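Please keep the structure open while reading the points below.

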Amino acid sequence: MSSLQSVDSRNNLIHLPRIQRFLGGTFLERWGIGLLARCQLYIMGRHKLSDDIRKIHKVRRQRKSLLTGDESFNILSLARGFANREGAFIEIGTYEGCSSRLICEEKGDKKLYVCDTYEGLPSGHANDRSVHRLKQYACSLESVSGYLKEFPNVHFVKGLFPDSAEGIIPEDEKFAFAHIDVDLYEGTLAGIRYLYPRMIPGGVIVSHDFSILAGVRKAVYEFMEEHPEATMIELATTQCMIIHP
């Protein structure tokens, strides 16, 4: 994995923390992501199922989403693909619940844990380069749970993960698909370390912001150094997948 880090010198947004700090949590960030999402969904509409595109558009109209169209489709597709496998679903970091809603659209009766502080981001680490503010991206538990109330078997975990899981998520719970979107180094690394031994064979952990947030990227690299038997695949979006062998 050190070879990956040695060539990670691309001149992209991950190396522009001042711009990230300026845009993060603002109208400009949402506007930019929204514009990109509309373009992507228009293109996907020419070759993907129209029902899938409608689901993503509907979520984007209902709530503030920080996922692009391609990222939203990846989550929808992965949830569908793992819906008939053993193991629960879990999302760590949900903001207003858009990605959880997409998972719910495909999961059927499968159990989904929706984990968040529901009070915004905690303090960052030096590896995060101070690109986020304390309490940024806050949305209440009541708001998210209300948005997902029509779907069965959805369980909400409030607090800083993984400490928040104690007494709520059974120790022997297994997971098929996990989505992590916590923006920060410590939360990403802790989440992956918690989930990995609990994943079913072939189970997938998706991390958002891998290619644009330095802390998230470092967390994934550190985990892969600890677990070289796992497979990490970087997607064309900001996401990456960690696949349990």
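The model is predicted, and the protein chain has an average pLDDT of 95. One cavity of 30 Å³ or more is counted, and helices α4 and α5 cross at roughly 120 degrees.

**Confidence**
- Of the residues in the protein chain, 96% reach a pLDDT of at least 70.
- Confidence is lowest in helix α1, which spans residues 2-6 and has a mean of 48.
- At the other end of the range, strand β1 (residues 88-92) has the highest confidence, at 99.

**Helix packing**
- Helix α4 covers residues 50-62 and helix α5 covers residues 69-82; their axes come within 10 Å of each other.
- The crossing angle of these two axes is roughly 120 degrees. Angles of 65 to 115 degrees would count as roughly perpendicular and those over 145 as roughly antiparallel; α4 and α5 are therefore oblique to each other.
- The crossing in which α4 passes α5 is right-handed.

**Backbone geometry**
- A cis peptide bond links F161 to P162, with omega near 10 degrees.
- P162 belongs to the loop that runs between β3 (154-158) and β4 (175-180).
- R129, a residue other than glycine, has a positive phi, near 60 degrees.
- The loop between β2 (112-116) and α7 (141-147) is where R129 is placed.

- The largest cavity holds about 40 Å³ of space.
- Its lining consists of I14, Q20, D128, R129, V131, D183, L213, A214 and G215.
- By class, four of the lining residues of the largest cavity are nonpolar, two are polar and three are charged.

How values were computed: Residues numbered from 1 in each chain as written. Predicted model: local features only at pLDDT ≥ 70, side-chain atom pairs only at ≥ 80, totals over all residues. Heavy atoms only, no water. 1 Å grid on protein atoms, 1.4 Å probe; cavity = no way out; pocket = protein on both sides within 12 Å on 5 of 7 lines; lining within 4 Å. Points joined across faces, edges and corners; volume = space filled by probe spheres on them. Nonpolar A, V, L, I, M, F, W, Y, C, P; charged D, E, K, R; others polar. pLDDT = per-residue confidence, 0-100. Helix = DSSP H or I, 4+ residues; strand = E, 2+ residues; numbered from the N terminus. Axes fitted to C-alpha atoms, helices over the stretch in contact; angles between N-to-C directions. Parallel < 35°, antiparallel > 145°, perpendicular 65-115°, else oblique. Left-handed = near helix turned anticlockwise from the far one by under 90°.
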